[in-house]
Amino acid sequence: MSSALQPLADALKAAYEQRDIKRLAPLLAADVRWGEDCHSDRDVLAWYERLRVQGADAQVEEVLIRERAVVLGLRVSLPARAPGPSRVWQTFAVDDGLVVEIRGYPDRDAALAFADAAPAA
């Protein structure tokens with residue numbers, strides 16, 4: 001566990017719990033990547049906003065801090081896509097105090113494997 005990432009982990013958790021993309025914005029590097037479609041902080045924030053408008057909800061159930069990444073275990077409800085909540089893990093790779101890459105995983109072990117392999121800052 002890296003205590004250096006504790007403030008970032010706390011801020012990520014707060015942004016999710018308060019469903020506030022404005023709290024998420026300062027945590028992202030300008031060139032943050034998420035999947036094939038998000039290549040900037042504006043792309044990521046727009047994606048979150050689309051989900052919010054569709055009624056998506058995420059409850060933080062677990063926060064794991066690694067040397068170069070933060071992993072959030074989430075219970076996600078996407079009413080427009082699937083009935084009932086599902087468990088997912090979001091891994092936030094960090095460089096110079098900012099999130100540089102986000103990846104989602106259906107299982108904890110895969111999320112932690114990416115977190116532990118995140119490139120050094």
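1. Glu49 has a relative accessible area of 25% and is therefore partly exposed, a class that lies between buried (under 20% relative accessible area) and exposed (over 50%), computed with a 1.4 Å probe on protein chains only. The model is a predicted one, in which local features need pLDDT of at least 70 and side-chain atom pairs count only at pLDDT 80 or more, while totals for chains, interfaces and linings use all residues. Residues are numbered from 1 along each chain as its sequence is written, and side-chain values use heavy atoms, with hydrogens and water left out.

2. The side chain of Glu49 meets that of Arg52 in a salt bridge, with N to O at 2.6 Å; the term stands for a side-chain nitrogen of Lys or Arg within 4 Å of a carboxyl oxygen of Asp or Glu. Both residues lie in helix α3, three residues apart, which is about one turn of the helix. An α-helix has 3.6 residues a turn, so residues three or four places apart point the same way. Arg52 counts as partly exposed because its relative accessibility is 44%.

3. Helix α3 covers residues 41-53, and its 13 residues should span 18 Å at 1.5 Å a residue, which agrees with the 18 Å between its end C-alpha atoms. The expected span is 1.5 Å times one less than the number of residues, and helices (H or I, at least four residues) and strands (E, at least two) are DSSP runs numbered from the N terminus.

4. Which residues of α3 are buried? They are Val44, Leu45, Tyr48 and Leu51, and they lie on the same side of α3 because they cover an arc of only 120° around the axis, taken from the directions from the helix axis to the C-beta atoms. The face turned away from this buried side carries the exposed residues Arg42 and Val53.

5. Among the elements that cover the buried residues of α3 are α1 (6-17), β1 (28-34) and β5 (98-105), where contact means heavy atoms within 4.5 Å. After α3 comes Gly55, whose phi is positive, near 90°.

6. The whole structure holds ten salt bridges. One of them joins Glu61 and Arg75, with the closest N and O atoms 3.3 Å apart; Glu61 lies in strand β2 (residues 57-65) and Arg75 in strand β3 (residues 69-77), so the pair ties together parts that are 14 residues apart in sequence.

7. Arg108 forms a salt bridge with Glu62, the closest N and O atoms being 2.7 Å apart, and this pair links distant parts of the chain, helix α4 (residues 108-117) and strand β2, 46 residues apart. Through shared partners, salt bridges join Glu61, Glu62, Arg75, Arg87 and Arg108 into one network.
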